[in-house]
Amino acid sequence: MTEPQNSQTNQSATAAPEAEAAQSAHGVATPEQRLAELEIKHAEVSDAYLRAKAETENIRRRAEEEIAKARKFAVEGFAESLLPVKDSLEAALAVQGGTPEQLREGVHATLRQLVQALERNKVLEISPAAGAKFDPHQHQAISVVPADQEPNTVVAVLQKGYVIAERVLRPALVTVSGPK
């Protein structure tokens, strides 16, 4: 009886490598092969993760640098458009003995330059006409006066206001009509 058992043991011992070889041949991987494949895949994924992380960090750093530059030079265009106004004012001060008409004409020309510079930079006036509806978002009421017009309307503008890109820099100072 021992002989048949030995022959069965020998057969099963030789059958295991043959079965593994058959499994490999049929596309089923051995545990060692599967482990090697997974280790290679893990290395690839780890490398891709590290590269993506480094790229994200580089993008964040570049964005921070761009924001810092934008803050630093945000006023550059505005300042550049005001330089001709400054030049005109300096030229006016350098003139000796100009007539009042010449000075007035020069001041008007300089004011036009300033208005153009402000408009180029999206700084617009708030100057409501008399009778316009009071807007608390753009106007600041200095006083309420009795008037013959509708209540809560602008009677007079004491000081113009300004907006930049729809954001109020300074509200217009106005007097408003009171209730009748």
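Predicted model: local features only at pLDDT ≥ 70, side-chain atom pairs only at ≥ 80, totals over all residues.
Among contacts in the protein chain (heavy atoms within 4.5 Å) between residues at least 6 apart in sequence, 60% join residues at least 24 apart. Residues are numbered from 1 along each chain as its sequence is written, and side-chain values use heavy atoms, with hydrogens and water left out.

**The overall layout**

The protein chain has four helices and six strands. These are DSSP runs numbered from the N terminus, with helices being H or I of at least four residues and strands being E of at least two. Of the 180 residues in the protein chain, 12% are buried. Here buried means under 20% relative accessible area, exposed means over 50%, and partly exposed lies in between, using a 1.4 Å probe and protein chains only. The protein chain exposes about 14,300 Å², and carbon and sulfur atoms supply 58% of it. Such areas come from the Shrake-Rupley method with a 1.4 Å probe, and for residues only the protein chains shown count as cover.

Helix α3 has 19 residues and reaches 27 Å from its first C-alpha to its last, close to the 27 Å expected at 1.5 Å a residue. The expected span is 1.5 Å times one less than the number of residues in the helix. At Leu-82, α3 has a kink of about 30 degrees, shortly before the proline Pro-84. The bend at a residue is the angle between axes fitted to the seven residues ending there and the seven starting there.

Helix α4 covers residues 100-120, and its end C-alpha atoms are 30 Å apart, which agrees with the 30 Å that its 21 residues should span at 1.5 Å a residue. Which residues of α4 are buried? They are Thr-110, Ala-117 and Leu-118. These residues lie on the same side of α4, because they cover an arc of only 95 degrees around the axis. The arc is that of the directions from the helix axis to the C-beta atoms. On the other side of α4, Glu-101, Arg-104, Glu-105 and Arg-120 are exposed. The buried residues of α4 pack against α3 and β1 (123-126).

**Salt bridges**

Side chains of opposite charge can pair when their charged atoms come close. In this structure there are eight salt bridges, each a side-chain nitrogen of Lys or Arg within 4 Å of a carboxyl oxygen of Asp or Glu. Among them are these three:

| Pair | Closest N to O distance |
|---|---|
| Asp-47 and Arg-51 | 3.0 Å |
| Lys-86 and Glu-90 | 2.2 Å |

Asp-47 and Arg-51 are separated by about one helical turn because they are four residues apart in helix α2 (residues 31-73). Asp-47 is partly exposed at 37% relative accessibility, whereas Arg-51 is exposed at 58%.

Arg-60 and Glu-64 also lie in helix α2, four residues apart, about one turn of the helix. Arg-60 is partly exposed, with a relative accessible area of 39%, and Glu-64 is partly exposed at 46%. A network of salt bridges links Glu-57, Arg-60 and Glu-64.

Lys-86 and Glu-90 sit in helix α3 (residues 76-94), four residues apart, about one turn of the helix. Lys-86 is partly exposed, with a relative accessible area of 44%, and Glu-90 is partly exposed at 41%.

Not counting residues up to four places away in sequence, Ser-177 touches several residues, including Val-144, Val-145, Ala-147, Pro-151 and Val-155.

Lys-122 lies in the loop between α4 and β1. Its phi is near 65 degrees, a positive value in a residue other than glycine. Lys-122 is exposed, with a relative accessible area of 53%.

Glu-166 is found in the loop between β4 (161-164) and β5 (167-170). Glu-166 has a positive phi, near 70 degrees, and is a residue other than glycine. At 81% relative accessibility, Glu-166 counts as exposed.
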